[in-house]
Protein chains: 2
Amino acid sequence: MDFYKSEPKTLLAVDCIIFGFDGESLQILLIKRGLEPERNKWSLMGGFVQADESPEEAASHVLFKLTGLENVYMEQCGVFGNPNREKYGRVVSLTYFALIDTKQYTHIITDEYEAKWFPVNKHPTLIFDHLDMITVAKRALRTKAALYPILFELLPEKFTIPQISALYEAVYDTELDKRNFNRKLLSSDLLIKLNEKDKEHSKKGAFYYKLNMDLYKEKIMSFLRYLPSWSIEG
Amino acid sequence: MDFYKSEPKTLLAVDCIIFGFDGESLQILLIKRGLEPERNKWSLMGGFVQADESPEEAASHVLFKLTGLENVYMEQCGVFGNPNREKYGRVVSLTYFALIDTKQYTHIITDEYEAKWFPVNKHPTLIFDHLDMITVAKRALRTKAALYPILFELLPEKFTIPQISALYEAVYDTELDKRNFNRKLLSSDLLIKLNEKDKEHSKKGAFYYKLNMDLYKEKIMSFLRYLPSWSIEG
DNA sequence: CCAAAAGTGTTAATCCTACACCCATGT
DNA sequence: ACATGGGTGTAGGATTAACACTTTTGG
């Protein structure tokens with residue numbers, strides 16, 4: 001039964017690119033390591049895949065350990081496995097991006113590290129190839145969000161249209177025409193207007209909306225039919 | 001320096017979903033294993049990641065070993081790592097889809113297995129979770145091809161418009177209106193018409209085209225700007 | 001001469017884009 | 001009363017979708 005015994009084994013890690021949105025800008029959650037190696041340096045939150053868990057589970061555990069959150073939207077988005085990418089031995093790392101509402105995140109579960117939100121384009125130097133990981137994750141987020149409405153995962157249960165708009169502007173680093181954007185948003189039937197306003201961010205107040213969950217789940221899951229659109233430019 | 005010595009190591013494999021197009025239907029290249037374990041059963045082509053190579057390199061090596069082809073379009077598209085997915089020990093497998101022109105593939109390099117093209121929806125039972133891998137790869141191919149013109153990787157250097165059309169029909173399992181499709185294709189400026197016809201597949205003959213390589217490379221690389229399109233349905 | 005596949009144009013509907021003003025409120 | 005941000009409508013242009021006939025040529 002030992003067919004594979006001559007094959008090399010490797011350490012397998014997962015690293016999480018945790019995106020959050022605070023209502024204004026897109027952020028990532030980084031940790032300052034309290035343990036060796038690379039103590040006191042900033043990095044992504046990660047961990048090793050254990051013998052009794054799949055990589056997805058490992059990523060969920062990592063996220064739980066840092067945030068206390070479960071059932072978070074996560075997606076595998078990269079593989080980093082250059083033989084020399086870490087100095088302490090060969091580690092192949094799988095990256096996952098996670099989308100969380102920053103308001104949900106209240107405290108760190110362990111004290112092996114400090115954690116802090118940073119604007120996605122303005123964060124301290126990171127260890128190893130973690131910067132590349134973020135770059136790849138940002139790209140994956142944009143690609144996915146172009147086809148599926150996953151960015152709602154970053155918003156609280158009740159949110160306002162100006163918030164969604166700011167979120168899309170942050171993710172795509174662009175400015176949107178609010179009239180066009182609002183129209184498109186509403187015409188998607190994804191939003192249900194509530195009889196309540198957010199008066200915190202403006203005097204007039206913006207109506208809260210919640211997701212049409214049934215439709216949302218359909219659209220999240222939904223599968224491409226046909227769209228040869230070469231029209232996208234760089 | 002042995003910070004990680006208490007962490008578990010695992011076998012890391014790569015499995016390749018090799019898509020090919022023969023001018024009519026979308027195919028995948030499968031092998032009938034000549035060696036244990038699972039001898040004489042059909043499976044994807046795969047191999048273990050070696051100590052001196054990255055997973056991408058391992059995937060390229062696997063592909064080379066099977067087809068003799070290098071510089072093939074490949075993309076990582078899945079991670080399969082349930083602790084019990086293989087009976088012979090724990091193996092985490094990274095999947096890559098590859099796109100090749102079946103005409104380029106002439107012979108197998110080793111004799112450890114038999115290899116054969118199968119229609120993508122009509123192939124023998126596969127070992128382990130290889131069927132899931134194909135499902136995921138098909139989805140990834142559709143998603144990617146919806147945004148980038150990667151399907152040209154499946155075509156020979158000279159190809160006809162009816163061929164591209166058939167390819168898109170195969171990938172998206174749909175029928176296309178050739179007038180609309182042709183117009184869109186031509187308006188992309190990706191194609192350069194040649195003064196030569198393929199008379200093999202029809203009496204009238206279809207003009208050959210080749211890719212406008214400069215533009216193609218731009219578009220392949222190009223990065224999403226902004227397209228919140230929730231309009232895609234399942 | 002006929003079967004089989006290639007190639008081509010027009011119209012109506014839809015969607016996208018650009019653009020500017022009024023509204024509600026807290027200070 | 002005014003500053004701040006929320007909310008709305010329209011018109012022109014571009015893109016898409018639906019539609020059928022002619023061309024070429026090998027057999």
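Reader: How many residues of chain A and chain B are in contact?

Author: This is a predicted model. In it, 65 residues of chain A are in contact with 66 residues of chain B.

Reader: What area do chain A and chain B bury between them?

Author: The size of an interface is often given as the accessible area lost when the parts come together. Here chain A and chain B bury about 6,300 Å². Carbon and sulfur atoms account for 66% of it.

Reader: Which element supplies the largest share of chain A's side?

Author: Several elements each supply at least two residues, including strand S1 (9–21), helix H1 (55–67) and helix H5 (213–221) of chain A. H2(A) has the largest share, with 5 residues. By class, that side of chain A has 38 nonpolar, 12 polar and 15 charged residues.

Reader: How many salt bridges are counted between chain A and chain B?

Author: The count is 0. Polar contacts are found in 10 residue pairs, both residues at pLDDT 80 or more.

Reader: Which strand of chain B do bridges join to S1(A)?

Author: Strand S1 of chain B, residues 9–21. The two run antiparallel, joined by 3 bridges. Leu11(A) has Lys9(B) as its bridge partner.

Reader: Now within chain A. What area is buried between domain 1 and domain 2?

Author: The domain assignment gives domain 1 as 11–147 and domain 2 as 158–221. Between them about 800 Å² is buried, 65% of it from carbon and sulfur atoms. On the domain 1 side, Phe21(A), Leu26(A) and Arg142(A) lose the most area, together 54% of what that side buries.

Methods: Residues are numbered from 1 along each chain as its sequence is written. Chains are lettered from A and ligands numbered from 1 in the order in which they are written. This is a predicted model: local features need pLDDT of at least 70, side-chain atom pairs count only at pLDDT 80 or more; totals for chains, interfaces and linings use all residues. Side-chain values use heavy atoms; hydrogens and water are left out. Contact means heavy atoms within 4.5 Å. Buried area is the accessible area (1.4 Å probe) that two parts lose on being put together, summed over both. A salt bridge is a side-chain nitrogen of Lys or Arg within 4 Å of a carboxyl oxygen of Asp or Glu. A polar contact is a pair of N or O atoms within 3.5 Å; within protein, one must be able to donate a hydrogen and the other to accept it, and residues adjacent in sequence count only if both atoms are side-chain atoms. Helices (H or I, at least four residues) and strands (E, at least two) are DSSP runs, numbered from the N terminus. Ala, Val, Leu, Ile, Met, Phe, Trp, Tyr, Cys and Pro count as nonpolar, Asp, Glu, Lys and Arg as charged, and the others, Gly among them, as polar. Two strands pair if DSSP finds at least two bridges between them. Domain bounds come from an automatic or database domain assignment.
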